[in-house]
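Morning, everyone. I have one structure to walk through today. Please bring it up on your screens.

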Amino acid sequence: MMSGRSSRMAGFGHAAPARCVDNAEIEARLGLETGWIERRTGIRTRHWAEDGETLSGLAAAAGQMALDDAGIARNEIALTLLATSTPDHLLPPSAPLLAHRLGLENSGAIDLAGACSGFLYALTLADGFVRVHGRTVLVVAANILSRRINPAERASAVLFADAAGAVVLAPCTHGRSGLLSADLASDGSGYGLINIPAGGSNRPFSPETSAEDFLMTMQDGREVFSRAVALMTETSKRALEQAGIVAADIDRFVPHQANARMFDAVSGNLGIAPEKTIRTIESFGNSSAATIPLSLSVAHVERRFTGGETLLLTAAGAGLMGGAVVFGT
C-alpha cells in the first residue's frame with residue numbers, strides 16, 4: 001500500500017424514472033386525507049418505473065452521469081459495485097451487465113445486498129480498494145421498489161420509490177480526503193421487521209404461494225422508526241469520535257432519506273444545524289440504498305463539493321443494519 005494514499009469523490013450522478021407520482025394519487029387509492037403523506041413522511045412526489053424500464057438501465061444512467069462528471073476514461077475503472085435490493089434477476093448479478101452497458105470492460109463487478117445501508121457498505125469497501133490498489137471504483141446504488149410495494153399496505157405504499165445514485169471514487173494523496181471513519185452495525189433481532197417473505201431459498205417460488213408474499217411488508221412502522229433513529233444516532237456519534245471531530249465540524253449531513261421526521265430526529269440528537277442537512281425526500285421519496293448517493297449528486301449540482309469539506313453519511317434499514325461514515329472531500 002502506497003504511503004499517504006487516500007480516495008476522493010471525483011464524480012457524482014443520479015437518475016430517476018420519468019413517471020412522477022404525487023401524493024394525491026396514493027392518498028386517493030388508500031383513502032387518506034389530503035396532506036397525510038407529507039405530514040407523516042415529508043414526501044411530496046416520487047418516481048416510479050414504467051413497464052420495460054430495468055434496474056440495470058436506471059443504474060447505468062446514474063453511472064454514466066458520474067463518469068462524465070469525473071472525466072475519467074472507462075479503462076481506469078477497476079471495480080464496479082452495485083448496491084441494490086431489486087436486481088434485474090435473482091441470478092446472475094446485475095453489476096456485470098451494468099459494467100458492460102457503461103463500457104467498463106476492464107472492471108470487476110459485484111452486487112451488494114445491503115438494503116437501505118447498502119451504499120455505506122459499498123463506499124467503505126470501495127475506499128479500502130482505492131487505498132490498497134490505487135485504482136478507481138464506480139459505486140452505484142439503485143432500486144426499483146415500486147414493483148415490490150404492496151399497494152394495500154399503507155406503511156410501505158406511501159414511502160418507497162425508484163431511483164439511482166452513483167459516485168466515482170478515485171485515488172489521491174490528500175490525507176484528509178476519503179473515508180475518515182466508519183461505524184457499521186447490525187441487529188439481527190430486527191431481521192423480520194421489513195422483508196419480502198417469499199422468493200428466497202427459505203421460501204422458494206411455488207404455485208401455492210400468495211402473490212402478496214412476494215411483496216415488501218413492514219411489520220411495525222413505529223418500531224422500525226425508533227430503532228433506526230437509535231442506530232443512526234449511535235453509529236454517527238461513534239464515527240465522529242473515531243474521526244476526532246464533533247458534530248459542529250460537519251459541513252454537510254447526508255442521511256438516508258427514509259422519512260423526514262426520522263433524519264430530523266437524528267440531526268437533533270447529534271446537534272447538527274438543520275441547514276446542513278441535504279434533503280431530497282420531498283421530490284424523490286425513499287429509494288433505499290440509492291437515497292444517499294442521489295442526495296450527494298443533487299447537492300453537487302446545486303452547490304459543488306469543494307476540497308476540505310467534511311461530510312457525515314448515515315443510514316439504517318432492513319436487517320436491521322446500518323451505520324455512519326465521515327468522509328472528507
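A salt bridge here means a side-chain nitrogen of Lys or Arg within 4 Å of a carboxyl oxygen of Asp or Glu. Keep in mind that this is a predicted model. With that cut-off, a search of the whole structure turns up 14 salt bridges. The general idea is simple: side chains of opposite charge can pair when their charged atoms come close.

Let me take a few of them. Start with Asp 69 and Arg 304. Their closest N and O atoms are 3.8 Å apart. Asp 69 sits in helix α3, and Arg 304 sits in the loop between α10 (291–302) and β12, so this pair ties together parts that are 235 residues apart in sequence. How accessible are the partners? Asp 69 counts as partly exposed, at 26% relative accessibility. Arg 304 counts as exposed, at 52%.

Next, Glu 309 with Arg 252. Here the closest N and O atoms are 2.9 Å apart. Glu 309 belongs to the loop between α10 and β12, while Arg 252 is in strand β11 (residues 252–255), so the pair ties together parts 57 residues apart in sequence. Are Glu 309 and Arg 252 buried or exposed? Both are buried.

Then Glu 282 and Arg 279. Their side chains meet in a salt bridge at 3.1 Å, N to O. Glu 282 counts as buried, at 18% relative accessibility. The cut-off for buried is under 20%. Arg 279 is partly exposed, at 36%.

There is also a network of salt bridges. Which residues does that network link? Asp 187, Glu 223 and Arg 227.

Gly 307 is exposed, with a relative accessible area of 71%.

Now the strands. Go to β13, residues 321–328. Why do I call β13 largely enclosed by the rest of the structure? Because 8 of its 8 residues are buried. In a regular strand the side chains alternate between the two faces of the sheet. In β13, Met 321, Gly 323, Val 325 and Phe 327 point one way. Gly 322, Ala 324, Val 326 and Gly 328 point the other way. All of them are buried.

Who pairs with β13? Strand β8 (residues 178–186) does, antiparallel, over 8 bridges. Within that pairing, Leu 179 has Phe 327 as its bridge partner. Strand β12 (residues 310–317) also runs antiparallel to β13, joined by 8 bridges. Thr 310 stands opposite Gly 328 there. β12 and β13 form a hairpin, with 3 residues between them. Look at Gly 319 in that turn: its phi is positive, about 140 degrees.

On to β6, residues 136–144. Of its 9 residues, 9 are buried, so β6 too is largely enclosed by the rest of the structure. Both faces are covered. One side carries Thr 136, Leu 138, Val 140, Ala 142 and Ile 144. The other carries Val 137, Val 139, Ala 141 and Asn 143.

Its pairings come in both senses. β4 and β6 pair parallel, over 6 bridges, with Ile 77 opposite Thr 136. β6 and strand β7 (residues 162–172) pair antiparallel, over 8 bridges, and Val 137 stands opposite Leu 169.

Ala 73 lies in the loop between α3 (55–70) and β4 (77–83). Ala 73 is partly exposed, at 37% relative accessibility. Its C-alpha atom is separated by 9.3 Å from that of Leu 104, 31 residues away along the chain.

Last topic, the surface. Four arginines gather in a patch of positive charge: Arg 40, Arg 154, Arg 222 and Arg 261. Arg 40 is in helix α2 (residues 36–41). Its relative accessible area is 42%, so Arg 40 is partly exposed.

There is a nonpolar patch too. Which residues make that patch? Leu 90, Leu 91 and Phe 205, over about 400 Å². Phe 205 lies in the loop between β9 (194–195) and β10 (217–218). At 54% relative accessibility, Phe 205 counts as exposed.

That is the tour. Over to you for discussion.

Note on methods
Residues are numbered from 1 along each chain as its sequence is written. This is a predicted model: local features need pLDDT of at least 70, side-chain atom pairs count only at pLDDT 80 or more; totals for chains, interfaces and linings use all residues. Side-chain values use heavy atoms; hydrogens and water are left out. Buried means under 20% relative accessible area, exposed over 50%, partly exposed in between (1.4 Å probe, protein chains only). Helices (H or I, at least four residues) and strands (E, at least two) are DSSP runs, numbered from the N terminus. Two strands pair if DSSP finds at least two bridges between them. Patches are made of residues with over 30% relative accessible area and no salt bridge: like charges are joined within 9 Å, nonpolar side chains (Val, Leu, Ile, Met, Phe, Trp, Tyr) within 5 Å. Accessible areas come from the Shrake-Rupley method with a 1.4 Å probe; for residues, only the protein chains shown count as cover. Lys and Arg count as positive and Asp and Glu as negative; His and the chain ends are not counted. The place of a charge is taken as NZ of Lys, CZ of Arg, CG of Asp or CD of Glu.
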